[in-house]
Amino acid sequence: MPAHPLSDPSRYLPQAIEERWQRHWRELDLDDTPEQGEGEPCYALSMFPYPSGSLHMGHVRNYVITDVYARVQRMRGRRVLHPMGWDAFGLPAENAAIERGVNPADWTEQNIAQMRSQLQRLGLSIDWKREIATCHPDYYRWTQWLFLQFLDAGLAYQKEASVNWDPIDQTVLANEQVDGEGRSWRSGAKVEKRLLRQWFLRITAYADALVDDLPSLTGWPERVRTMQANWIGRSEGAELRFSVVAPDGSAVAEPISVFTTRADTIYGATYLVLAPDHPRVESLTSPEEALAVAAFCDLVTGQSEQERTAEDRPKRGVPLGSYVINPASGAKIPLWIADYVLADYGTGAVMGVPAHDQRDFLFARRHELPVRQVIIPEGSNAEAYLGEAWTQEGVLIESERFNGLSSAAARQAITAAASAEGWGQARRQYRLRDWLISRQRYWGCPIPVVHCPSCGVVPVPAKQLPVELPRDVAFSGKGASPLAQLEDWVNVPCPRCQGPARRETDTMDTFMCSSWYYLRYSDPHCSTVPFRREAVNQWLPVDQYVGGIEHAILHLLYSRFFTKVLRDRGLLGFGEPFERLLTQGMVQGITYRNPHSNRYVAPADVSDPNDPRDPISGELLEVSYDKMSKSKYNGVDPAKVIETYGADTARMFILFKAPPEKDLEWDDADVEGQFRFLQRLWRLVDSCLQRGLTLAPLAVQAPAASEADRELRRAVHGAITAVQADLEGNLQFNTAISELMKLSNAMAGLIEAASPGVAQEALRSLLLLLAPFAPHLAEELWQKLGGDSDSGGDGDGAGSIHRQRWPVADAAALVRDTIPLVIQVKGKVRGSLDVPADADSATLEQLALASDIAQKWLEGQAPRRVIVVPGKLVNLVP
RNA sequence: GGGGGCAUGGCGGAAUCGGUAGACGCAGCGGACUUAAAAUCCGCAGGUCUCAAGACUGUGGGAGUUCAAGUCUCCCUGCCCCCA
């Protein structure tokens with residue numbers, strides 16, 4: 001008769017132990033942040049989630065990675081801050097309000113409660129006493145306070161701007177929230193251009209600092225640094241001024257400036273183009289062209305920036321009827337407007353050099369403008385010119401005093417001449433533009449200013465913060481922001497003159513809220529300032545930040561910007577928020593697609609995974625691993641996995657299956673395999689207990705002498721060394737876990753033959769190494785073995801394995817008497833030989849030459865050359 | 001088009017400095033236990049040839065440097081990501 005599973009002590013039942021230990025740890029306040037005491041502070045941070053209501057595998061991966069890091073650091077004696085919070089403002093809450101009539105605040109709170117309890121089942125060592133949510137007034141009060149800091153510093157301003165308007169969500173989007181096809185990142189709608197008065201943060205003022213500090217971020221992936229540098233897009237060039245000839249032939253006082261990185265091509269400029277919304281278009285349009293120009297401007301207004309600048313689109317434009325003078329050659333060239341020139345990029349005007357710019361070339365050909373070649377490839381002649389733009393560097397021709405110069409030399413010479421003669425100067429240009437932060441939405445942080453007819457924009461005084469979101473609001477989903485419709489809330493006295501005034505009804509981009517949350521965790525309940533200087537300077541910069549690559553530009557750039565501004569305001573003692581960054585890969589689910597019907601099939605409906613067939617038509621299905629999503633039926637619910645296998649298996653699997661930065665393919669069979677490993681550990685400890693082996697102090701310490709003892713100690717200390725190496729530098733959890741498997745395999749074979757002291761050391765080390773990865777099982781086995789009775793004299797050690805110190809490898813245990821020496825002949829491995837570990841090169845050479853292997857392969861000849869790599873191999877070259 | 005990255009068994013992935021390629025796991029195969037199955041335990045396993053011992057071959061393809069190349073250099077092909 002088999003024993004009842006629950007009463008069978010030889011079975012590992014995670015459900016029976018995990019909740020119990022989680023309760024025990026809470027009672028011990030195990031995860032509290034030690035504000036004082038010994039040990040270096042260490043800040044381990046995961047990117048906080050949006051409280052959508054359900055935890056997905058991407059979250060699990062993110063938080064487990066950070067948790068293992070945090071637990072290892074604690075065991076190594078550091079004081080660790082490991083907090084969690086909620087990026088809680090945003091559109092889904094408001095959409096829920098519109099669709100289902102629930103209050104966004106209530107909806108969000110419910111979701112937070114649900115996700116928190118799901119997270120807690122993972123056994124994360126998070127200090128929940130420091131939990132924050134960006135939608136709570138005691139948090140967003142400080143977001144508003146920080147906004148006022150930006151306002152005071154001249155870094156927040158309002159501007160009438162052509163903005164990205166999302167017709168579905170009825171709101172304005174930042175450039176970063178519009179994808180390459182001109183669609184909203186959230187609704188997927190084609191974005192339109194609209195002219196509205198908006199709030200901006202002057203991130204461009206920090207463009208240089210944001211680029212220049214990138215090389216110092218050595219703990220960041222190269223990829224992310226490159227992406228940020230490209231996003232900022234700094235280029236060195238020149239601003240050149242063209243004087244203007246009005247349609248009636250008269251000179252105009254104000255010249256037009258262009259920015260170019262190719263000042264060397266100035267003699268090739270045969271026309272000049274303004275953006276259709278450039279402020280001078282109207283005044284420089286001749287009466288004859290007025291109708292065509294107005295029609296063209298109308299056409300362009302409806303297009304997104306991406307549409308206008310796409311390379312594969314025809315370059316459309318119309319002439320204004322005015323002319324400008326090429327400042328270098330003195331030639332009179334026509335002035336045009338074209339859709340591919342953007343008003344807010346550079347000066348809103350570009351010089352057209354068709355011979356040396358592909359876009360200009362296409363435009364010139366379409367509109368029959370002259371092409372004038374002024375650069376030739378070095379070593380060629382002018383005749384070699386083909387029917388395409390020559391966009392590379394070369395040597396100047398047809399450029400008067402600059403003929404014969406190289407492109408690089410000419411850029412300097414021409415810029416210097418322009419500067420001396422007053423028609424230009426060197427200039428830096430950025431792709432980055434100011435950050436649009438206004439949102440015409442309810443569920444966001446209100447912008448704390450009042451518009452007064454007599455005083456203008458007046459900041460809400462700090463002591464009146466927060467400007468609270470009113471709770472009772474009607475959500476129709478149409479027209480203006482719900483806040484704008486609340487007259488009671490909108491109408492307030494001006495803080496300065498007390499006259500009637502109106503509140504700002506825009507709320508902030510949620511990226512504002514998430515640009516400083518990592519500072520708040522240092523003292524999350526402080527009610528006098530957003531963060532105390534001593535607290536942030538103690539804990540920050542963040543030692544290890546973990547999150548998805550999708551934030552490589554948005555969140556990570558904004559956070560760096562905030563940090564630098566706050567440093568310059570004297571509020572922080574550092575200029576970069578995140579010292580080390582790990583961008584974890586996606587979790588992908590097995591995806592079955594019918595290539596004929598183009599429909600997805602749920603894995604549960606596929607009866608034989610080795611021969612996947614459509615359950616209806618019987619057609620062969622295509623198998624791939626894709627990002628988990630509802631529409632592909634390929635999602636795996638973390639709650640179900642925890643229910644079936646326990647949190648420890650989920651944690652181990654997710655860490656073992658792939659290196660953290662790589663995409664991870666979820667595979668049920670591999671999860672099963674991971675569960676089996678934990679069961680083997682359980683049985684290993686169980687069999688030790690059966691034989692009376694525990695972690696209780698031994699009365700007599702027998703000297704470790706047997707071969708089994710030496711071998712076991714070698715395995716133990718080899719594992720400690722290897723795991724240590726995997727956790728330093730790049731966090732290689734996958735190989736760390738494989739080392740644990742190797743150790744457990746070795747112990748299964750050796751522990752019975754080992755003496756009690758050595759066996760104890762092995763058990764103890766295995767469990768300590770396991771503790772960060774599978775905290776519940778490690779604790780259970782530790783307590784079963786009576787580990788606390790052997791807490792090594794550390795008074796703090798009692799109560800939990802998680803208060804123990806990380807094991808230290810004993811180098812002496814790794815020493816071997818003999819090692820296998822590889823014998824190569826002409827670089828090919830021909831065999832190996834056991835040799836004394838401490839043999840010197842000369843001895844190794846002699847041993848190798850005397851070996852049977854050498855006899856066989858050298859056929860009695862003396863080798864021409866012998867290479868000895870001590871401890872590794874001997875290569876004999878005949 | 002520009003920038004960045006990747007390519008290793010049936011699969012996920014290992015392999016500090018150039019030094020025994022394929023650790024660890026999944027799937028597979030064989031065996032033990034069992035009436036049987038599951039679970040568990042033991043073993044095999046890159047490919048080709050061979051009864052075997054063994055030999056040859058092998059890290060996307062091609063060249064090069066080296067005593068020695070998955071690792072370094074150049075070229076090509078394919079895939080992924082970012083920006084256009």
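Student: How many helices and strands are there in chain A?

Tutor: This is a predicted model, in which local features need pLDDT of at least 70, side-chain atom pairs count only at pLDDT 80 or more, and totals for chains, interfaces and linings use all residues. Residues are numbered from 1 along each chain as its sequence is written, chains are lettered from A, and side-chain values use heavy atoms, without hydrogens and water. Helices (H or I, at least four residues) and strands (E, at least two) are DSSP runs, numbered from the N terminus. Chain A has 25 helices and 33 strands.

Student: What percentage of the residues of chain A count as buried?

Tutor: Buried means under 20% relative accessible area, computed with a 1.4 Å probe on protein chains only. Chain A has 878 residues, and the share that counts as buried is 52%.

Student: Which residues are the closest to RNA strand B?

Tutor: A residue is near the strand if one of its heavy atoms lies within 4 Å of it. RNA strand B is surrounded by 40 residues, and the closest are Arg431, Lys657, Asp670, Met741 and Asn875.

Student: What percentage of the atoms of RNA strand B that come within 4 Å of the protein belongs to sugar and phosphate?

Tutor: One polar contact (a pair of N or O atoms within 3.5 Å) places an N or O atom in the side chain of Arg865 2.8 Å from a phosphate oxygen of RNA strand B. A backbone N or O atom of Lys657 lies 2.8 Å from a sugar or linking oxygen of RNA strand B. For the atoms of RNA strand B within 4 Å of the protein, the share of sugar and phosphate is 78%.

Note on methods. Polar contact = N/O pair within 3.5 Å; in protein donor to acceptor, adjacent residues only side chain to side chain. Buried < 20%, exposed > 50% of the residue type's maximum accessible area, 1.4 Å probe, protein only.
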